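Subject: Structure for you to look at

Dear colleague,

Please find the structure below. My notes on what was found follow it.

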Amino acid sequence: MGGKQSTAKDATHSPHPSRTKKSKQSSAQQRERGKVSAARKTRHDLKRKAVREMSCVATNRATLRRIEASTGMDPAKAIEEKREKEKQMGHELAEHLKSIAPFNKRWHVTDTISEGAYGVVFAVKDAKTGTLGVIKVAKAKDIGDATNQTAEWEGYVLERMFRQSPEASIVRLLDKGMLADQYGQGMEFMVLEKAEVRIRDHIDDGKSMKDKRLRVAKVMLQMLKGIVDLHVQGFLHRDLKPDNMGIMSTESPIALLFDLGMARMYTDGEAHIRQPRTSVAFRGTPEWASGHAQKCREQTRYDDLVAWLFCAVELFAYAECALTDQPLPWTYRGNQKVRVFQNMR
């Protein structure tokens, strides 16, 4: 009896074979999903880095510190060594490109805006007309590389914008083509209209506090027009911030948007709003992104407008005091508590 009871008890508590099989399959699926998720995150991180390196404006040290703190990047020695290597690669590419200028027999290099492992950005001048521009040369590391995809997409967005809306408050695409790097590999380039004056410099030129506030108000209204121009054509910017807009010139103080590498179409071919995706990677810059975007949800026109509002708050605070270290409640600049929190992550 005791043996029979023990056998029955073991049979009762031992897992059913089908349940064990399902459990193993579930674990395998979870591991596979984890690998896919990690690969997707790596790909998106590379794309975001490529967009930053291929920006139309130089990244100063303050901006680099803000990016590091907002993204939680590890300032370890290995990271620094990797950056130095990438910087050297970018410098070699930049020197090679300068040696083969003028590009398309018309664009002469006047200044280096940025150079990195993902490509080079130069300030250029048209030898024929004297037009100032910014040339982005994207270096593809592999087939289907994120850098080339981003450059191609930005070129497509700009072409479509000015085919459909020539008066849009977006920088124009002036030229594009192919170049070869020092190893003979093909690289795509595009020349964009140059916004000559930085937004903050334009505000600083105000003669009084009233004048500075008026300049901010005009800039924000012109920025809003650029956002509307994008939305009308079915695009979201998804990376709006003060560094991604500039003033055309001192003589023509018109604000223009640029750096559209993170733009996305929110409509289909028939002008219907696309179905939101269930899994979305973060797009934008954390400091100016909406809470909706921070939660990795599908962005809409609403999120561009929230970013516009954050930019307005920051620029009005800058007009009041250029040395302000916390224009937005969650910014870390000069905020020791946030610095400590970032280091603990």
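Where is the place of Pro-102? Pro-102 sits in the loop between α4 and β1. The model is a predicted one, and every value in these notes is computed from it.

First, the overall picture. The protein has 345 residues, and 42% of them count as buried. Its secondary structure consists of 10 helices and 10 strands. Of the contacts with a separation of 6 or more, 60% are between residues 24 or more positions apart.

The loop between α4 and β1

Most peptide bonds are trans, and most residues other than glycine have a negative phi. The bond that joins Ala-101 to Pro-102 is cis, with omega near 5°. Asn-104, placed in the loop between α4 and β1, has a positive phi of about 55° although it is not a glycine. Lys-105 also has its place in that loop, and its phi is positive at about 60°, although Lys-105 is not a glycine either. As for accessibility, Asn-104 is partly exposed, with a relative accessible area of 40%, while Lys-105 is exposed at 75%.

The aromatic cluster

Phe-103 lies in the loop between α4 (77–100) and β1 (107–116). Its relative accessible area is 1%, so Phe-103 counts as buried. A search of the whole structure gives 4 aromatic pairs. In one of them, the ring centres of Phe-103 and Phe-122 are 6.4 Å apart and the planes are at 15°, so this pair is stacked. Phe-122 belongs to strand β2 (residues 119–126), 19 residues from Phe-103, and the pair links distant parts of the chain. Phe-122 is buried, at 0% relative accessibility.

Phe-103 also pairs with Phe-189; here the centre-to-centre distance is 6.4 Å and the planes are 40° apart, which makes the pair tilted. Because Phe-189 lies in strand β5 (residues 186–193) and Phe-103 in the loop between α4 and β1, this pair ties together parts that are 86 residues apart in sequence. Phe-189 is buried, as is Phe-103. Through these ring pairs, Phe-103, Phe-122 and Phe-189 are linked into a cluster.

Helices α7 and α9

Two packed helices are described by the angle between their axes and the distance between the axes. For α7 (residues 209–232) and α9 (residues 301–320), the axes come within 10 Å and cross at roughly 165°. The two helices are therefore roughly antiparallel to each other, and their crossing is right-handed. Residues of α7 in the contact include Met-209, Val-216, Met-220, Leu-224 and His-231, and those of α9 include Arg-301, Leu-305, Trp-308, Leu-315 and Glu-320. The residues of this contact divide into 14 nonpolar, 5 charged and 1 polar.

Leu-257

Which strand holds Leu-257? Leu-257 is in strand β9 (residues 255–257). With a relative accessible area of 1%, Leu-257 is buried. Leaving aside neighbours within four places in sequence, Leu-257 is in contact with Ser-169, Ile-170, Val-171, Met-223, Gly-226, Ile-227, Leu-230, Leu-240, Asn-244 and Met-245. Among these, Met-223 and Ile-227 also take part in the contact of α7 with α9.

Regards

Notes. Residues numbered from 1 in each chain as written. Predicted model: local features only at pLDDT ≥ 70, side-chain atom pairs only at ≥ 80, totals over all residues. Heavy atoms only, no water. Axes fitted to C-alpha atoms, helices over the stretch in contact; angles between N-to-C directions. Helix = DSSP H or I, 4+ residues; strand = E, 2+ residues; numbered from the N terminus. Parallel < 35°, antiparallel > 145°, perpendicular 65-115°, else oblique. Left-handed = near helix turned anticlockwise from the far one by under 90°. Contact = heavy atoms within 4.5 Å. Nonpolar A, V, L, I, M, F, W, Y, C, P; charged D, E, K, R; others polar. Phe/Tyr/Trp six-rings, centres within 6.5 Å; stacked < 30°, edge-to-face > 60°. Buried < 20%, exposed > 50% of the residue type's maximum accessible area, 1.4 Å probe, protein only.
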